[in-house]
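Here is a walk through one protein chain, taken step by step. Keep the sequence and the 3D view side by side as you read.

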Amino acid sequence: MGTLPLRSGCPIAASLDILGDRWTLLVLRDLLLGDSRRFGEFAREESIATNVLSDRLARLVELGLIERSPDPEDGRRVIYRPLAPAIELLPIIVELAGWGLRHTAVDAPPPEMAGLVDRTDRRRAVERRTRALLRELEASS
C-alpha cells in the first residue's frame with residue numbers, strides 16, 4: 001500500500017489523511033456497496049466534479065486501496081475494483097450509514113444499503129458482501 005506523510009502518530013489522524021475529505025468515502029461507498037465500477041458511475045447522486053473524482057480515484061489507486069484496469073467490454077475505458085484494504089473498510093462504512101440513519105434527518109438508506117444497515121442482520125450481510133467482493137477480487141487476479 002502506498003503511504004502518505006503522517007501529520008501525527010495517531011492512527012485516527014493517519015486514517016483521516018486518506019479517508020477524511022468530502023468525497024473519498026462516497027467513492028468507496030459506491031465501489032463497495034453499489035456496483036459502480038466506471039468513472040461516470042461514482043457519486044452520481046452527489047454530482048461530484050469530474051476533476052475531483054479523477055483526483056480521488058487516482059489517489060486511491062496510488063495508495064493501493066483500489067485498482068484501475070482496462071474495461072473488458074470496451075478497452076478504451078477503465079474499470080475500478082476494490083483491493084483488500086478497501087474491502088476491510090466495508091464494516092466501517094456500514095456502521096457510518098447506520099449511525100447516519102439513527103442520528104440525522106435521513107429517513108431510509110438507499111436500496112443498495114438497505115440490507116446492510118438493518119441492525120438485526122448487519123453482521124451477516126456485511127460478511128456476505130465482503131466474501132463476494134473478495135471472490136470478485138480473486139477472480140480478477
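Which residues does Arg-122 touch, not counting residues up to four places away in sequence? They are Val-94, Glu-95, Arg-102, Leu-116 and Val-117. Touching, or contact, means heavy atoms within 4.5 Å. Arg-122 belongs to helix α7. Helices (H or I, at least four residues) and strands (E, at least two) are DSSP runs, numbered from the N terminus. Arg-122 counts as buried because its relative accessible area is 7%. The cut-offs are these: buried is under 20% relative accessible area, exposed is over 50%, and partly exposed lies in between, with a 1.4 Å probe and protein chains only.

A word on the source. This is a predicted model, in which local features need pLDDT of at least 70 and side-chain atom pairs count only at pLDDT 80 or more, while totals for chains, interfaces and linings use all residues. Residues are numbered from 1 along each chain as its sequence is written, and side-chain values use heavy atoms, with hydrogens and water left out.

Stay with helix α7, which covers residues 122-140. Arg-123 lies in this helix too. Arg-123 counts as exposed, because its relative accessibility is 55%. Now look across to Pro-70. The C-alpha atoms of Arg-123 and Pro-70 are separated by 33 Å, and the two residues are 53 apart along the chain.

Helix α1 spans residues 11-19. Its buried residues are Ala-13, Ala-14, Asp-17, Ile-18 and Leu-19. Among the elements that cover them are α2 and α3.

Those two helices also pack on each other. Two packed helices are described by the angle between their axes and the distance between the axes. Axes here are lines fitted to C-alpha atoms, for helices over the stretch in contact, and angles run from 0 to 180 degrees between N-to-C directions. Helix α2 (residues 24-32) and helix α3 (residues 50-62) meet at an angle of about 75 degrees, and their axes are 10 Å apart. So α2 is roughly perpendicular to α3. Angles under 35 degrees count as roughly parallel, over 145 as roughly antiparallel, 65 to 115 as roughly perpendicular and the rest as oblique.

Which residues make this contact? From α2 come Thr-24, Val-27 and Leu-28. From α3 come Leu-53, Arg-56, Leu-57 and Leu-60. By class, this contact has five nonpolar, one polar and one charged residues. Ala, Val, Leu, Ile, Met, Phe, Trp, Tyr, Cys and Pro count as nonpolar, Asp, Glu, Lys and Arg as charged, and the others, Gly among them, as polar.

Helix α2 has another partner, helix α5 (residues 90-103). Their axes come within 11 Å and cross at roughly 110 degrees. That makes α2 roughly perpendicular to α5. Leu-25, Leu-28, Arg-29 and Leu-32 in α2 meet Leu-90, Ile-93 and Leu-96 in α5. This contact has six nonpolar residues, no polar ones and one charged.

Now follow the chain through two loops. Ser-47 sits in the loop between α2 and α3. Most residues other than glycine have a negative phi. Ser-47 is not a glycine, yet its phi is positive, about 55 degrees. Ser-47 is exposed, because its relative accessible area is 60%. Val-106 is in the loop between α5 and α6 (111-117). Val-106 is partly exposed, with a relative accessible area of 46%. Leaving aside its neighbours within four places in sequence, Val-106 is in contact with Gly-100 and Leu-101.

Turn to the strands. Strand β1 (residues 66-71) and strand β2 (residues 74-82) run antiparallel, joined by six bridges. Strands pair if DSSP finds at least two bridges between them. The two form a hairpin with two residues between them. Glu-67 stands opposite Arg-81 in β2. Asp-71, in β1, is buried at 3% relative accessibility. Not counting residues up to four places away in sequence, Asp-71 touches Arg-38, Arg-77, Val-78 and Ile-79.

Finish with the rings. The whole structure holds one aromatic pair. Phe-42 and Tyr-80 form it, edge-to-face, at 5.9 Å centre to centre and 75 degrees between the planes. Rings of Phe, Tyr and Trp (its six-membered ring) pair if their centres lie within 6.5 Å; planes under 30 degrees apart count as stacked, over 60 as edge-to-face and the rest as tilted. Phe-42 is in the loop between α2 and α3, and Tyr-80 is in strand β2, 38 residues apart. Phe-42 is buried at 2% relative accessibility, and Tyr-80 is buried at 5%.
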